[in-house]
Amino acid sequence: MVQSKLTATTSIRIRFSETDALGIAWHGNFLTYFEDGRDAFGDKYGLHYLDIFNNGFVAPIVNVNCDYKKMIYYGDTILIDTTYENCASSKLILHYKIYSPETNETIAIGSTTQVFLDTATKKLQLRPPAFLLEWKQKHQLI
């Protein structure tokens, strides 16, 4: 299996609505930041939610991991690196690194795992869908 070097980076400014009474970003919003990273990755590499859906599948998240390293506050700008992990199974594994653009300090690291469900049958796909194999070939991952 070819190791993936596919990474997308996006920038987010922490909004007031994402913070608690102390101005600290609420921990649950980190999943939204991961979503922002997935969105940027999908835009850059042609593996957006609508690309998956238009091929007859949905890709629900079945696992999330997040290790918090540093607090962030209202007004802070963060960078989110999203990296694809190439695997032979029928799933999408993405890794995230959230960090400060000013200091390069790591704020959080995490990952998500998504599986493929056929939109017509609602059945889990045990083999990678054809469109995913084509996508992997296009990016020289197989």
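## Surroundings of Asp118

Leaving aside residues up to four places away in sequence, Asp118 touches Gly56, Phe57, Lys123 and Gln125, where contact means heavy atoms within 4.5 Å. This is a predicted model, in which local features need pLDDT of at least 70 and side-chain atom pairs count only at pLDDT 80 or more, while totals for chains, interfaces and linings use all residues. Residues are numbered from 1 along each chain as its sequence is written, and side-chain values use heavy atoms, with hydrogens and water left out.

Asp118 is buried yet has no salt bridge, the nearest side chain of opposite charge being that of Lys122, 7.4 Å away. Here buried means under 20% relative accessible area, exposed over 50%, and partly exposed in between, with a 1.4 Å probe and protein chains only; Lys and Arg count as positive and Asp and Glu as negative, whereas His and the chain ends are not counted. A polar atom of the Asp118 side chain does, however, lie 2.7 Å from the backbone nitrogen of Ala120.

## Salt bridges

A search of the whole structure finds 3 salt bridges, each a side-chain nitrogen of Lys or Arg within 4 Å of a carboxyl oxygen of Asp or Glu. In one of them, the side chains of Arg15 and Glu18 meet at 2.3 Å, N to O; Arg15 is partly exposed, with a relative accessible area of 42%, whereas Glu18 is buried at 6%.

Another salt bridge joins Glu35 and Arg38, whose closest N and O atoms are 2.5 Å apart. Glu35 is partly exposed, at 32% relative accessible area, but Arg38 is buried, at 7%.

Definitions and conventions: A polar contact is a pair of N or O atoms within 3.5 Å; within protein, one must be able to donate a hydrogen and the other to accept it, and residues adjacent in sequence count only if both atoms are side-chain atoms.
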